[in-house]
Amino acid sequence: MSAQPEYSSAPELAPVPEMHLELVPVPVSDVDRAKEFYQRIGFGNLHDTQVTPEMRVVQFTPPGSGCAIVFGTGMGPITEMEPGSVKGLHLVVRDIEEARAALVQRGAELSEVQDIGGVLYSWFSDPDGNLWTLQQWPSDYTG
């Protein structure tokens, strides 16, 4: 068992500045198929740029989100990720039944809603198997 660091005797640490998660890579095997899927399920703010003959960058934003996803070709370590290896990206929604119905209407296959300790969940995958999670917090949750 390793010893825990002693922070109380450490020199004064500079505060960590504000950071915003704004872009998450999602590894896919077929860029056009993934683009069609994410368009169909309602992701928007599409940017599809052929940067060089080898590099294509496709970026989408889930409705209402401040964080986008990116996939494409020729982006080094991002496009070297194993397609389908991202699991558990959370889309937090106000009304899980409404969000689930909208995605099902657009052709996504979602699990039934599950209540886990008062938090509601439903899961779906993109064509490569990247796993997305709809999550609804209880109405009295104060976070």
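Modeller: In this predicted model, strand β5 (87-92) and helix α2 (96-105) each supply at least two residues of the lining of the largest pocket. Helix α2 gives the most, with 4 residues. The space in the largest pocket amounts to about 440 Å³. Its lining comprises 20 residues, of which P62, P63, L91, V93 and A99 are the closest to the centre. Sorted by class, the lining of this pocket holds 12 nonpolar, 4 polar and 4 charged residues.

Strand β5 belongs to an open sheet of 4 strands, ordered β5-β8-β7-β6, with mixed pairing. Because β5 and β6 (114-116) stand at the edges with a single partner strand each, one side of each has no neighbour in the sheet. From one strand to the next, the twist averages 35°. The partner of β5 is strand β8 (residues 131-136); the two run parallel and are joined by 5 bridges. Within this pairing, K87 stands opposite L131 of β8. Helix α2, for its part, lies across β7 (119-125) and β8, and it runs at about 145° to β8.

One further site concerns the backbone. Residue N45 is located in strand β2 (residues 44-50). The phi of N45 is near 50°, a positive value in a residue other than glycine. Most residues other than glycine have a negative phi. With a relative accessibility of 52%, N45 counts as exposed, since the cut-off for that class is over 50%.

Definitions and conventions
Residues numbered from 1 in each chain as written. Predicted model: local features only at pLDDT ≥ 70, side-chain atom pairs only at ≥ 80, totals over all residues. Heavy atoms only, no water. 1 Å grid on protein atoms, 1.4 Å probe; cavity = no way out; pocket = protein on both sides within 12 Å on 5 of 7 lines; lining within 4 Å. Points joined across faces, edges and corners; volume = space filled by probe spheres on them. Nonpolar A, V, L, I, M, F, W, Y, C, P; charged D, E, K, R; others polar. Buried < 20%, exposed > 50% of the residue type's maximum accessible area, 1.4 Å probe, protein only. Pairing = 2+ DSSP bridges. Axes fitted to C-alpha atoms, helices over the stretch in contact; angles between N-to-C directions. Contact = heavy atoms within 4.5 Å.
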